[in-house]
Amino acid sequence: MPVLLGLYQNDIRLKQLAAGISLPGNKIRAYLDNLRGSSIDFIATAIWQATDVNHVFILTDKEEAAYFHNDLEHLTNALDICFFPDSFKRSGNFTDLNSSHVMLRTEALTKFSNVTTHKKVLVTYPEALFEKVVNPTSLAGNMISIKVGETLKVDSLLDLFVTLGFRREDFVYEPGQFAMRGGILDIYSFGNEHPYRIELFGNEVDSIRIFNPETQLSERKLLSVSILPNIETNFDSKEKISLLDFLPENTVIWAKDFDFTIGRIGKLEHDLPETINVGTVAIDQDEQLLKELNRSDFEYADAWKEKLLQRHLIEWYNHSLEKITGSPVDATLQFATEEQPVFNRQFNMLIKDLQVRSTAGYTPYIFADNPKQLERLRSIFEDLDAKINFVPVPTSISKGFIDHEKKVACYTDHQIFQRYHKYNVKQAYTKGKALTLRALRELQPGDYVTHIDHGVGLYSGLQKIEVNGNMQEAIRIIYRDNDVLYVNINSLHKISKYTGKEGSVPKVNKLGSDAWEKLKNKTKKQVKDIAADLIKLYARRKASQGFAHSPDSYMQTELEASFFYEDTPDQSKATVDVKRDMESPSPMDRLVCGDVGFGKTEIAIRAAFKSVADSKQAAVLVPTTILAFQHYQTFKERLKDFPCTVDYINRFKSAKEKKETFKKLEAEG
């Protein structure tokens, strides 16, 4: 990667452009022509690294911006590259705030307001620029800083949280919530991906940790934190300014298409109603309106364009700078790049292309997020006896390209195999998180729960109790004879909702008796007995002889490499385990489990093809008629480029059709 980036860092034109940006009082207007694929990311990285100023990149929509942001992160591994989305769940629909988006906006503004840190990058799109942001003074004035060793006025601090729009909850699991349990204060700031846990000794801050809301486990210690409220709903219009006014003066504005950007802002302005109800519905479904926005909370096209003219401007796709500024550009830099060719998953086309490039003096680079994919490619080339030398790059870029000036061909594995490539954007909160807390909130007094140490009891709600002079929240469980057990919040993992036979009422245990312990020991003995029987069964199976499949052929590698999605770690492990079993002389006995959509069928396809590649036949049994046809279509689509026959039978097929299928099976057997 340093060698590849160095080609652009040493480009004399880019050095001159960077020097022009760095001149005080200078305002650069430049157009970069004929940039295809992700070549713009390499050029942007080179200029950003050669200057000591901030850079803002404006793409045409959220998806483009997210891919661009990911590319810059993968090329540089820099921490100061911020993604700046709009505040809402759907762009242009100002009715429902997205807490993850608000968190990302807050994080970006906090970083750019800190003048002591070095140059930063912000990647955004028109809908995000349309919204005004809180001014730096108001942002700093509403930021709460807490340090280890500091003495707090706890009651005043909690009141301040409420004033800043935070909601008090039993547990925190999304931005804008706080909880106080004895000497533990949990707070979920809008400026951080995870919440903070502040432990107090009296009123003194003993420790500060970032913790995971799902597991409640601490991730790392901090010496200080800055807590930020919701910047979108906690400030009125008088405290808001354009993003261009917020950004430092030494900021370069890049755009894929300035004309489109200003036109899109104008369209949003035209469609904007007089007032917009911005709200969110809480988990308990009883929270209503949070705030009303009005038209002065947004930045309009004319004002935005006027502010734009006061900055360095660089455009790289549509040459609209002269139209926007009303004057010729200072420089037009011509490049010679083209998109990565389309190979349609055909290795002969890829090999021929790489051989032609290498002969012409080009260096082939292949990018893949998964290093295993690069190993597969090299293995395929070796098995096909193709004399291909390429530079493997174990990271991803969104689009491949060829640069004819630099004599490099940068290809991506997901484009070679026509695989879907997803961008990653930090998420503050999803409903899937904090399942333990959510389940606890859904428990009603009278529900049966199971404590791992004490057995089945009745949930009786939360209660504050005094422990060592501090008030703490505990879970109250009633056992037989009205015995009461208080469970500290930090021991949530020991409690689960009782699950048993539908309609049956469980027997409530008695605290202090050995009945629960005896039941656990009896269950353990039964499990051991079952395990012993299984061991005997597996020993007999192990002693029997099966068919040992051959190691993977190049076609097996090609099939796996052409999968439309990236393998998950568990999917990769399951595939390796299944193939290892198949290559063993003992019969395979393996169960692959997973939720819908997690890729179990793909593992089955790979296993079936491995059998076919060894001149065997594979049968797939499914529980329903419809599923048989669906799996037939899936197998046929995945294996259409490989030398094997896929067929199916179910009750919708006629007797004649079934007989024909059986004949083919017998003939090929």
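Mentor: Start with charge. The protein has 86 positive and 92 negative side chains. This is a predicted model: local features need pLDDT of at least 70, side-chain atom pairs count only at pLDDT 80 or more, and totals for chains, interfaces and linings use all residues. Residues are numbered from 1 along each chain as its sequence is written, and side-chain values use heavy atoms, leaving out hydrogens and water.

Trainee: What makes a side chain positive or negative here?

Mentor: Lys and Arg count as positive, Asp and Glu as negative; His and the chain ends are not counted. Each charge is placed at NZ of Lys, CZ of Arg, CG of Asp or CD of Glu. The centres of the two sets lie 6 Å apart.

Trainee: How do you know that the span of helix 3 agrees with its number of residues?

Mentor: Helices are DSSP runs of H or I, at least four residues; strands are runs of E, at least two; both are numbered from the N terminus. The expected span is 1.5 Å times one less than the number of residues. Helix 3 covers residues 39-50, which is 12 residues, so it should span 16 Å. Its end C-alpha atoms are 17 Å apart, which agrees.

Trainee: Why is Glu 322 called neither buried nor exposed?

Mentor: Its relative accessible area is 39%, so Glu 322 is partly exposed. Glu 322 sits in helix 12 (residues 321-325).

Trainee: Which residues does Glu 322 touch?

Mentor: Contact means heavy atoms within 4.5 Å. Not counting residues up to four places away in sequence, Glu 322 touches Ser 327, Pro 328 and Val 329.

Trainee: What makes strands 9 and 14 edge strands?

Mentor: Two strands pair if DSSP finds at least two bridges between them. An open sheet holds 6 strands in the order 9-10-11-12-13-14, with mixed pairing. Strand 9 (167-168) and strand 14 (218-222) each pair on one side only.

Trainee: How do you know that strands 10 and 11 pair?

Mentor: Count the bridges. Strand 10 (residues 177-181) and strand 11 (residues 184-187) are joined by 4 bridges and run antiparallel.

Notes. Buried < 20%, exposed > 50% of the residue type's maximum accessible area, 1.4 Å probe, protein only.
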